[in-house]
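Hello,

Here is the structure you asked about, for you to open alongside this message. My notes on what was found follow below.

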Amino acid sequence: MSNEENEERKDIDMDKKKFIKPDGGYGWVILFVAFSISFILDGCMYSFGIVLDEIKTHYNATQEVANLIPSLNTGFLFLSGPISAALAKQFGCRPVIVTGSLVFSLMYFISPYFPSIYFMKFSFGIVGGISFGCAYLTNFIILVDYFDKRLGLANGLTMSGSGLGNFAFAPMTEFLIGKFKWQSTMLILGSAIFLCAFLGCLLRPIEYYYKKVRQTEDIDDAIDSNEEPKKASFIVKNLFNEMTNFKILKLNTSFLLITLSNFLIFFVYFIPFIYIPIRAKALKIAQFAWLIGIIGIVNIPMRILFGIVCDRKIIKPIHMNSLCIFVASGCMYTYFYLTTFYSQAVATALFGMAAAGINSLTTPYLVDIVGSEAFANANGILNMFRGLSCIFGPFIAGFLSEKLKSNLYAFVFCGTSLALAGILSTLVSMITIKSKQKNKTKSLELNSV
């Protein structure tokens with residue numbers, strides 16, 4: 001690349017840094033699509049615990065073996081973080097979400113007809129997980145492109161789609177299994193995921209808006225010159241560099257700590273969605289599917305509320321995150337000892353509130369910790385660590401409950417991991433407070449000079 005081209009690219013990058021994000025306009029269409037995709041994908045994922053029990057019976061599998069299916073799916077969902085971030089940067093969010101949705105729906109269509117549960121682990125667990133991640137995680141990258149001052153609200157509304165999906169899909173999945181068996185239920189859920197591909201087509205890249213508001217033709221020409229077709233080798237090199245860029249872990253202590261915290265959270269995060277129905281069934285609670293639905297009901301307003309609080313800067317996102325983790329931990333430590341539907345409903349409601357914060361606060365506190373420019377890279381790394389932990393957590397919970405002959409140990413395992421995660425998040429909160437105090441002291445010293 002010549003010196004003139006280098007200078008030209010630097011000028012464009014500087015101009016883009018001054019670019020004011022829409023915080024509305026077509027951003028509301030982006031928000032609607034992100035909400036809808038979150039509603040469908042999370043609804044299918046969180047209700048999978050209901051389908052899993054049928055799969056276990058169909059294949060005559062043990063609990064730990066059956067648990068590997070959602071473990072692999074959610075694990076590779078998050079492991080695909082660096083891949084989806086790199087693909088989105090190289091090709092844009094729209095084609096990544098559309099392709100991911102199509103592949104994931106295909107896995108729902110073909111997985112129920114394999115003769116062995118091990119084939120299902122590969123198709124639904126690994127391939128399905130990666131495609132799920134490409135469709136789901138890229139949602140939040142494009143939100144950061146379009147929103148700034150209203151990012152908390154936009155993220156909260158998008159994440160509320162997850163809660164609404166959880167509420168809607170859990171009883172629907174139970175009804176479908178009773179009416180059509182689990183294989184047909186998977187086909188119907190796959191058809192819903194197929195709709196995400198059509199929704200993804202509406203995700204217009206931010207570059208369209210960026211070009212529209214430019215006042216000089218030479219800037220547009222410069223952008224166009226940088227959009228010339230790239231060689232395959234150049235694209236592969238760029239993708240590899242993006243996927244293997246972990247420098248931020250070394251350079252940012254707060255990011256390292258919050259990444260480790262997320263590792264411990266997602267080591268056990270999906271365990272309640274598997275064991276809450278199992279525990280309720282063991283106690284012969286007929287409304288077991290509604291317990292998962294309650295988590296979804298509570299999620300909807302709480303995720304929006306957390307977003308509003310973030311935008312109004314009432315309290316730092318990282319502080320709220322620490323509190324939510326400890327609340328979730330307390331719920332898991334006590335859950336096994338709750339023996340009625342109403343007591344379990346209260347516990348799942350509290351867990352739902354905490355889970356709403358843990359999920360919806362990720363984008364705001366990451367932007368605070370690393371900034372908007374490094375968000376895609378940091379989000380990819382964070383989700384990769386989440387993925388690594390997701391794969392093994394439910395398997396260990398299944399192993400403990402099978403070997404020790406009680407589901408109590410799955411809940412204790414869950415509560416302990418969350419408690420450790422809360423401690424790490426609290427350390428980041430303390431660093432944030434200390435950093436704020438230092439900046440305040442420096443400001444006072446400058447004013448006094």
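**A salt bridge, then the rest**

Lys 281 and Asp 53 form a salt bridge, with their closest N and O atoms 2.7 Å apart. The pair joins distant parts of the chain: Lys 281 belongs to helix α15 (residues 271-282) and Asp 53 to helix α3, 228 residues apart. Side chains of opposite charge can pair when their charged atoms come close. Lys 281 has a relative accessible area of 32%, so it counts as partly exposed. Asp 53 is also partly exposed, because its relative accessible area is 25%. The count for the chain is one salt bridge. Please keep in mind that this is a predicted model.

**The chain as a whole**

The chain has 21 helices and zero strands. Of its 449 residues, 55% count as buried. The accessible surface comes to about 20,300 Å², and 65% of that belongs to carbon and sulfur atoms. Among contacts with a separation of 6 or more, 85% are between residues 24 or more positions apart.

**The core**

Which residues have the most contacts inside the largest nonpolar core? They are Leu 41, Ile 55, Phe 255 and Phe 270, in a core of 127 residues. Helix α9 gives the most to this core, with 13 residues. In soluble globular proteins, nonpolar side chains tend to be buried together.

Leaving aside neighbours within four places in sequence, Phe 255 is in contact with Ile 248, Leu 249, Leu 366, Ile 369, Val 370, Ala 378, Ile 381 and Leu 382.

**A check on one helix**

Does the span of α18 agree or disagree with what its number of residues predicts? Helix α18 covers residues 341-360, which is 20 residues. At 1.5 Å a residue it should span 28 Å, and the C-alpha atoms at its ends are 28 Å apart, so the two agree. If you try this yourself, the expected span is 1.5 Å times one less than the number of residues. Helix α18 is also mostly covered, with 15 of its 20 residues buried.

**Two positive phi values**

Asn 60 has a phi near 55°, which is positive in a residue other than glycine. Asn 60 sits in the loop between α3 (48-59) and α4 (63-79). Its relative accessibility is 72%, so Asn 60 counts as exposed.

Lys 181 is not a glycine either, and its phi is positive at about 75°. Lys 181 lies in helix α9 (residues 151-200) rather than in a loop. Lys 181 counts as exposed because its relative accessibility is 59%.

Arg 150 is in the loop between α8 (138-146) and α9. Is Arg 150 buried, partly exposed or exposed? Its relative accessibility is 41%, so Arg 150 counts as partly exposed. Not counting residues up to four places away in sequence, Arg 150 touches Asp 23, Trp 28 and Asp 311. The C-alpha atoms of Arg 150 and Gly 307 are separated by 8.5 Å, although the two residues are 157 residues apart along the chain.

**Cysteines**

The count of disulfides is zero. Cys 201 is partly exposed because its relative accessible area is 44%, whereas Cys 414 is buried, with a relative accessible area of 0%.

Regards

Conventions:
Residues numbered from 1 in each chain as written. Predicted model: local features only at pLDDT ≥ 70, side-chain atom pairs only at ≥ 80, totals over all residues. Heavy atoms only, no water. Helix = DSSP H or I, 4+ residues; strand = E, 2+ residues; numbered from the N terminus. Buried < 20%, exposed > 50% of the residue type's maximum accessible area, 1.4 Å probe, protein only. Core = buried A, V, L, I, M, F, W, Y, C linked by side-chain atoms within 4.5 Å. Contact = heavy atoms within 4.5 Å. Disulfide = S-S within 2.5 Å. Areas by Shrake-Rupley, 256 points an atom, 1.4 Å probe, with all protein chains shown as cover. Salt bridge = Lys/Arg side-chain N within 4 Å of Asp/Glu carboxyl O.
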